[in-house]
Structures are given as structure tokens and as C-alpha cells.
Amino acid sequence: MSEHTASRESFAGWDMYLMAAILMALMIMPYRAAWLATFTTYFLAVLLEAIPFLILGAIIAATVETFLPPDFLARLAERMGVLGVPAVALASVVFPICECGVVAVGRGLLRKGLPLRHTIVFLLAAPIFNPVVIFSTLVAFAYEPRFAIARALGGFLVPIAVALMAVGNDEVLLPELAQEAAMIESAANDHKPPMTRRILMTFDHSRSELLDMLPYLMFGVACAAAMQTFLGGRILTVVGQGTVSGPLAMMGAAFSLSLCSEADAFVASTFVQFDFPAIVAFLVLGPMLDIKLVMMYRKVFKTGFIWRMSLLTIVSVAAYVAALAWVIG
Amino acid sequence: MNKFNLKLDPASYSLLIWLLFFGLILFGGFHVYYLAPFQVWMLIMGLVGLLMMFSAGVIKPVEEHGHCHDHDCHHHESHDHEQAAPRSERYFLYLLPLVLFMFVGPQPLGVQVMQVKGMFTAPDWGSGLDVSQPDLTGPGLDGYEGYFPTDLQALYRIPRLANGRQPVTVEGMIYHPEASETPKDVNPDDAQTLLAHFAMVCCAADARPISVVAVGDGLEDLPEGVWVQAHGRAERMEGSMIVRFIVERIEEIPEPSSPYLLSR
């Protein structure tokens, strides 16, 4: 049994346990127990909000896979050299999708030969460094531009820093994904199928991509809904609002709440007890690292690399926020 | 290439479950419990995407089943048969949203969330109401007997509504906060009842409870979570941004059909 097959088998274990736990709770708890109603509302709300973006991401990924010449991205990256890394962050502007759809697109780009370092920049930058998110941040903070500027800057710098530090020589992709990328590369010279067939293939691939990612999204959303149900804003006040504890508490909140990057600024604006660096920590980390994203990264990277990338993302955001606090005095 | 085979494979059954769920939420009008109105377009887009994927799975060129020559077909096979074609237990996982929805029913967020999250009394939320009428007593307000209908957000955002003179009507849930939840600078004895409402941007996950301190006879006896329509006057508490609502008349109402206030 391959390593990947083994990981899928073990995952099939947890999602079944999760479902069994919820169904048992349904059976033994009094009908319409308050927490269950709250959990269900959060769970369904985030799913209904996220799945259309996942569908969009799956269609974009499949379109890239079917229509882009097999070695186009690899050649472009090679030609741009080291400038290609920040260029990917800037190019994220043309993909106004939130973090729910970005992993599917990232998988498609990887299969199509985009180097790993560039793909990591895309995964981390695209949910922040896009016009919809920047504008919603501007609106949420009553057109006070410093929040939007600090967020956009963080969304540009942190992904580059993480990508440069995270990628070594070791194999970090799931074997299945690496194998598919190699297969597509080796078939670069094959004949192109007719257009109608390619369109059908696009939707066929997109449905595979969607169904592949859905269990991971569902599990992440269920964890986030549980955190929302049982952990409230009050715990943030307890944890602290200090210079160090404030940003850390807000990063913890961003990770556990797993909000959409297009709406999280409105929630951040209600945390009036926290200062500017803490709010920026929330705004920058959330779209790069939250519960549902970690679950979905499991369909791209090996577990060890997800840990490394997560840690580097947290450290980079903390360093960025510290630098910001130092600059503004 | 001209012959097509109509076949429901395991992946198509999975998509059918999601189509059913999306269709139920959208056409049953239950989206108001979970999403802001503009998100309905995303839901429709999702439904269309699911339909196209479903169709692509059902209508397959016949030759695709028998011969796989190119890389795309290999890729398709590896995807479709290893992952997209789920083991039977995956159907149960996909059914989870439907099962939860059927068992629990469509419910908006309630007082339990207020107890966990705490209250936001000075928000910068926009008002969904048109409050641009100059005299505040235009046509269409007859049902309120001279009171100007507003929401909790408008009370904070529009100073003239909280000047202590303008008669206003607000709807909200009754909530009795603990002393530790009392807004800053407010004596807990003066804030034993709040009129509360959830305000959302995109979906229920980002909804936050906002409230106004309600003062009036018998308010403490109203049970938590009951929806009321209160008529009275609003004023800012001295030296504070907190708005106090002096209730002149109050009546229980059913839960509104749109249970959330919406941000700008």
C-alpha cells in the first residue's frame, strides 16, 4: 500500500468518527439542544459559503489543466528566475478567490508544472492580495486605509518569506500529485483532443477535483464550527491584550474561526479592545492558515511539510507585525 | 465520438446529494438562516457548476470507456476511479449536511451564542433601512403609530435617532446579561435587559450580536430569546457612546423571516 493510500485510509477513519459522533449526539441529546442548533447553523453557513468557491476553484484548476500547454508555467518560471516568486504574488490580483478555492487552483498549477516555491506564494498570497479583499478591508475599517495597506503589504511579503524559507530539496508533495504532474509533463508532445472533448474533460476533471477536496473541507469546517460554538470572544479578552499576547491571541482567533477572507475584516473591526498590530496579525494570518485550510493542504503536501509551512507562516506573520509595531512606534 | 453513454457512476451519485442539498436550501428559501442575500448569487453559481459537473459525468463519449490513449484520459482514470469514485461510506459523509439540516431544522443564531461570544454594544455597522426621509414621518409608517421604524444599527449610526426626542421602534431578542457582560461605563443595575440582534456580513459564521440597553417596567420578566417589538425613545448615556432605549410599549412578535441585520 502506498504512503498516500495509507494516509487516505486513516483520513477515512476520522471523517467517519466525526460523523458518527455528531449523529450519536443527535440521538442522545434533547431535541434541538442549543449547542447543536448553533453548531449546525455555523457548519451549514460556512459550507454553503465555501463550496461555491471550491467549485469555482475546481473549474479554474481543471481549465488550467486541460487548456494550458503542459510546460508553459515551468518555462515561464524558469525564464523569470528569482523575480518569478514576487511576480506570482502580484499575479494573484487576477484571481479574486478566497482561501476555499485557492487550494484547488494551486493543485492544478502544480500539476501543470508551476514550481513548488511559486505555488506556495500563490496559495498564501491569493486569498489576501486581491482587490475584493483589500476593498472589503477598507470598507470594514471605515475607509481608514492603514489596515488595508498593512494587510496588503503582509499578504505580499509574508508569502514570499515563507516560500523562500520553507522549500528545501526534499520531496514535500503527496506522491499522487507528483506522479500526476510527471505524467502530464511526459505527455507534453501528445496530440490535443478535439475542443468538445476537452470541454467535457474540463468538467470531468473539475468534478474529480471537487469530490477529492470536499471531505477535507467538510472536516475543517466542522472543526471551525465547533470552535465557533464553544469558544467565544470572551476568551480572547482573558488570554490577553498585551503587546505580545494580543497579536498571538488574535492569530489564534484567526486560525480557529476560519472566516472567509472577504468577510473577516468586518469581524476584526469589532475587536475594539485590541490594538493595530494585533488586528493586522488577525487579518494577515487568517487567509493563509486556518483549520479548514490545514485540512485542505493535506491534499497537496505531506503532513511534515504542512507543519513546517504552518510554523513558518506563524513566525513570519509575528515578525511582520513586530516590525510594523516598531515602525509605527 | 458521436455516441454517448448515459451512466450514473458513484461520483454522479455524490454530486446528486450536493445538488439536492443546494436545491433544498436555495428553492426552500432557507438561505436566509445562513447567508447574506448577495451570497445567493454564489449559491446559484455553485448549483450551476454542480449541474455542469453532473452532466459531464453522466454524458460520456462511449469510446472513453474502452480506450485510453492520451495522458488526459489516464489522468481522468486515476482521479475518477481512485478518489472521485468514493467508497460507500463517503456517501454518508456527503449526506451529513442534509441529515443535520433535517434533524435540527433551519435555525438562526440565538441567545446561546450571545452567552458564548459576549455582546457588542458600540459597533460600526451600517443600517439596512432607508433613513433618508427628512421629517422621519413619511408615508408607509402608519403601522407604527407615529414611531419611526429603525434597527439597532441605525440607533448607533444616526445621531438624530438617539437624541431622546424621536419616537422609534426597534425589533430584537430579549437578553439578560450577567454583570460581567455589562457595557463599560454602565452600572449593571441600569442594564439588566438588552434588546439584541445579530448582524452579518457574508454568512452566519461572521454574525456578531449587537444590542441596546433597554429600560422599562417589566422587562426583566421577559424570557431570554423572545422576539419583541419595542416602541420608545433612544438616547446616548451621559459621557458614553452607549445608547439606552427607554421603552414605552413592548409586544412579543414571531421570529422575523430575515433573522439577521445586514452590514453595508
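How close do the axes of helix 8 of chain A and helix 16 of chain A come, and at what angle do they cross? I started my notes there, keeping in mind that this is a predicted model.

**Entry 1: helix 8 against helix 16, chain A**

I looked up the pair and found that the axes come within 9 Å and cross at roughly 135°. Helix 16 covers residues 303-328 of chain A. Angles over 145 degrees would count as roughly antiparallel, so I put helix 8 of chain A and helix 16 of chain A down as oblique to each other. The crossing of helix 8 of chain A past helix 16 of chain A is right-handed.

From helix 8 of chain A I noted Ala150(A), Leu153(A), Gly154(A), Leu157(A), Val158(A), Ala161(A), Val162(A), Met165(A) and Ala166(A). Helix 16 of chain A answers with Phe305(A), Arg308(A), Met309(A), Leu312(A), Thr313(A), Ser316(A), Val317(A), Tyr320(A) and Leu324(A). Sorted by class, the contact of helix 8 of chain A with helix 16 of chain A has 14 nonpolar, 3 polar and 1 charged residues.

**Entry 2: helix 8 against helix 14, chain A**

I stayed with helix 8 of chain A, residues 145-166, and turned to helix 14 of chain A, residues 276-285. These two pack at an angle of about 50°, and their axes are 9 Å apart. Roughly perpendicular begins at 65 degrees and roughly parallel ends under 35, so helix 8 of chain A and helix 14 of chain A are oblique to each other. Their crossing is right-handed.

On the helix 8 side of chain A I listed Arg146(A), Phe147(A), Ala150(A), Arg151(A), Gly154(A) and Val158(A). They meet Phe276(A), Ile279(A), Val280(A), Leu283(A) and Val284(A) of helix 14 of chain A. The class count for helix 8 of chain A with helix 14 of chain A is 8 nonpolar, 1 polar and 2 charged residues.

I checked Leu157(A) first, which sits in helix 8 of chain A.

Then I went to Ala225(A) in helix 10 of chain A, residues 195-230. Ala225(A) has a relative accessible area of 2% and is buried. Leaving out residues up to four places away in sequence, I found that Ala225(A) touches Phe39(A), Tyr42(A) and Phe43(A). Ile149(A) lies 76 residues from Ala225(A) along the chain, and their C-alpha atoms are separated by 30 Å.

I placed Ser258(A) in the loop between helix 12 (245-257) and helix 13 (264-268) of chain A. With a relative accessible area of 3%, which is under 20%, Ser258(A) is buried.

**Entry 3: chain B overall**

I finished with the totals for chain B. I noted 7 helices and 9 strands in chain B. Of its 264 residues, 55% are buried. Chain B exposes about 11,600 Å², and carbon and sulfur atoms supply 57% of that. Counting contacts in chain B between residues at least 6 apart in sequence, I get 69% that join residues at least 24 apart.

Definitions and conventions
Residues are numbered from 1 along each chain as its sequence is written. Chains are lettered from A and ligands numbered from 1 in the order in which they are written. This is a predicted model: local features need pLDDT of at least 70, side-chain atom pairs count only at pLDDT 80 or more; totals for chains, interfaces and linings use all residues. Side-chain values use heavy atoms; hydrogens and water are left out. Axes are lines fitted to C-alpha atoms, for helices over the stretch in contact, and angles run from 0 to 180 degrees between N-to-C directions. Helices (H or I, at least four residues) and strands (E, at least two) are DSSP runs, numbered from the N terminus. Angles under 35 degrees count as roughly parallel, over 145 as roughly antiparallel, 65 to 115 as roughly perpendicular and the rest as oblique. A crossing is left-handed if the near helix is turned anticlockwise from the far one by less than a right angle, and right-handed if clockwise. Contact means heavy atoms within 4.5 Å. Ala, Val, Leu, Ile, Met, Phe, Trp, Tyr, Cys and Pro count as nonpolar, Asp, Glu, Lys and Arg as charged, and the others, Gly among them, as polar. Buried means under 20% relative accessible area, exposed over 50%, partly exposed in between (1.4 Å probe, protein chains only). Accessible areas come from the Shrake-Rupley method with a 1.4 Å probe; for residues, only the protein chains shown count as cover.
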